[in-house]
Amino acid sequence: MPLPSHPVPPGARDPQLPPGVQVAQSQSGSRLPPGVSPDIFGPTGLGGSPGLGGPPGRGGSPAPGRGPTIPPAAQPPQPWQMATPPERPFQRDEPTLVPGGDGGFPQPDALRYEEPPPPRRGARRFFLILFAVLFVAGLAYAVPAVVMSGKMLPGTSVRGIDIGGLTATEAADKLRDRLAGEATGEMTLLAAGKRFDFDPGKSGLEFDVVATINQAPSGFPNPAEVWRALTGSTDLEPKVSADLESMTTAVAGLARRIDLKVREGSVTFEGVKPVVVMPRDGRELEREAAIAAITKAFLGPAKEVRLPVSVIKPIAGKEMVEKAAADAEKALSGPVTLTFAGKRVQLPVETLAAHLSFEPDSSGGMSPKFDAKSAVASVEKDLVDPVLAPRDPTFQIVGGRPKLVPGRKGKGINDGRLAADVAEMVARDGDRTIPVLLATVKPRMSDAEARKLGIKERISQFTTPYECCPPRVTNIRTIARLLDGYLVKPGETFSLNGVIGQRDTARGFVPAPMIQGGRLIDSVGGGISQFVTTMYNAVFFGGLEDVQHVAHEFYISRYPAGRESTVSWPEPDFRWKNDSPYGVLVKTSFNDSGVTVGFWSTKRYEVESISSERYNVTPFKSETDSGPDCIPMVGQNGFTIDVWRVFKQDGKEIKRVKKTTVYRPELDLKCVPE
């Protein structure tokens, strides 16, 4: 669009422009395009002023014959050429000019005015409200959090003892004071229908106040903790520290008072009369569970703590034992005959009874068990030539030194097969004649094993006297011959009844007086308690382990008081253990005045015996008897005596063991005619 040819007075408005838009003019009055300052033409404006920057004809002055020359339209600036315009205040009524038209000059009809957007008052109000809510919430948390910081939160308690608002130290002191009685008082435990007092302090239980308080936060609380403190409560369980070793020891001692070993039913014989032992439940304290229960109940409100106890049932019930007792009577209906190669021997009813028993089996019933090896010991030589029998290695004492006598294999009754045959005969009440089989029997140890036993010196020896030669002396000599040269391996337990078996006439034992029920009675093998007493003293001074010995009911003057033992079949037995790493050789000898038992091995200890004075003396009573079986007795007072067994090595005492023996008064019995 061409510029108008007439000038516009200064301050006049072009009717073609919107209101408020001014058009710049040069000093000469010529109108300039909107947005173009007259300063671009220099101080003289148009018309050849020096501001045009040149001589006439080159843009300084108009060429002759031509009007004023308008400079060419300015090229729009490029982004890389533009400088950052200075900031200027926003003018709400300033129009926005949009370039357009010929030559790039803006035209009035191309001008567009953009209205600024109205302010977003709703969003500002939302943010103000949110800020206010968060500020109030922050204050609601921060103020009580600061107050509670470093202390137990309000509402915190331990077993009803309020420790809220206290510091950790204050809370610990309060809990110690309030729970001191419970932490040191005895507990009452219930088990197997009985009550037991239990001292937790001596058993390793303690109230752990530090661990108890550490359960509760005491630093700067978080919002959840503040909320819980303001709206609820926290009850902490007291923590307990336990010394596991002390607790285990204490509960083990408690178990010894609670546990009851299960008793299996059995049927044995006393003489030829069945003796029935009925089964009984056992019980056992569940030790680990008991420790947990005691620890949990410690400091608790419960006054009594029930401990877990397991019931242990016997294998066979009462009904099965009663049935076995009925079968036992049938088993002794007569002797059993053993045959081999045309030879026959009998096992009398008494021998059957001594080696037969009924015991629980894996099916829950009762089965007969027969000790064939011991039963045939007295009759085997009548079926098998002794020349063919096996022989254990042993030692002879030659010139005061032991010399090995080699052992050998041999032939003997197959006792395993015989035991099964007798058990089947009893169970089925079958034929009482049983053919036996022979088997190759090895000695108890080889010669090489015997050489390594360390048999090199006598470690002990003891002698007891007798007057020759009543029947009891015969029995003493018989058992001495049977045991001479017997070897006891390291760690092995010697049982007199197990080695000798029931005393019988087939091996040379005869009836002789023995003590039973406080009276003297005749019995096959009577009197061998003197041999047992002699061997017991060899065990005593040899430093070997005493497993089972039973003193006589009343004192017999030919024996050392407190160092003697009796024996009978099948009980009481006499047993001792070779607790040394060496073998022990038993050597026996006898003459008309006494019997001697010596042990050969490697010496470990020197043993001394110390006896107390006799005390708790009880006077004897006197009676008379006119019965045909009366055996007179000489009365003796009863008393109690202590004996110490002192072990020494190189003259220095290692240990001492005390044994107390109580003797009843011996009846003074006189036998008179009827």
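The following questions and answers concern a predicted model.

Residues are numbered from 1 along each chain as its sequence is written. In this predicted model, local features need pLDDT of at least 70 and side-chain atom pairs count only at pLDDT 80 or more, totals for chains, interfaces and linings use all residues, and side-chain values use heavy atoms, with hydrogens and water left out.

Q: How many helices and strands does the chain have?
A: Helices (H or I, at least four residues) and strands (E, at least two) are taken as DSSP runs and numbered from the N terminus. The chain has 15 helices and 36 strands.

Q: What percentage of the residues of the chain count as buried?
A: Buried means under 20% relative accessible area, exposed means over 50%, and partly exposed lies in between, with a 1.4 Å probe and protein chains only. For the 674 residues of the chain, the buried share is 37%.

Q: Which residue of β4 is the bridge partner of L190?
A: Strand β3 (residues 187-191) and β4 run antiparallel and are joined by five bridges. Within β4, the bridge partner of L190 is R195.

Q: Is A192 buried or partly exposed?
A: A192 is found in the loop between β3 and β4. Although A192 is not a glycine, its phi is positive, at about 55°. Most residues other than glycine have a negative phi. Because its relative accessible area is 36%, A192 is partly exposed.

Q: Is A341 buried or exposed?
A: A341 sits in the loop between β13 (336-340) and β14 (343-347). Its phi is near 50°, a positive value in a residue other than glycine. Because its relative accessibility is 67%, A341 counts as exposed.

Q: Which residue in the turn of the β8 and β9 hairpin has a positive phi?
A: Strand β8 (residues 266-270) and strand β9 (residues 273-277) run antiparallel and are joined by five bridges. F269 stands opposite P274 in β9. The hairpin has two residues between its strands, and the residue in the turn with a positive phi, about 70°, is G271.

Q: What is the volume of the largest cavity?
A: On a 1 Å grid over the protein atoms alone, a cavity is a set of points where a 1.4 Å probe fits but cannot get out, whereas a pocket is an open set with protein on both sides within 12 Å along at least five of seven lines; lining residues have an atom within 4 Å of a point. Grid points are joined across faces, edges and corners, and a volume is the space filled by probe spheres set on the points. The lining of the largest cavity consists of I459, G542, L544, S580, S601, T602, K603 and R604. The volume of the largest cavity is about 40 Å³.

Q: Which residues lie nearest the centre of the second largest pocket?
A: The second largest pocket has a volume of about 1500 Å³. Among the elements that give two or more residues to its lining are α13 (471-483) and α14 (496-500). Of the 37 lining residues, those nearest its centre are A377, E380, P390, D392 and V499.

Q: Is G594 buried or exposed?
A: G594 is found in strand β30 (residues 594-601). Not counting residues up to four places away in sequence, G594 touches T464, P465 and Y466. Because its relative accessibility is 6%, G594 counts as buried.

Q: Which peptide bond is cis?
A: C469 lies in the loop between β22 (457-465) and α13. Most peptide bonds are trans. The cis bond, with omega near 0°, runs from C468 to C469.

Methods:
Two strands pair if DSSP finds at least two bridges between them. Contact means heavy atoms within 4.5 Å.
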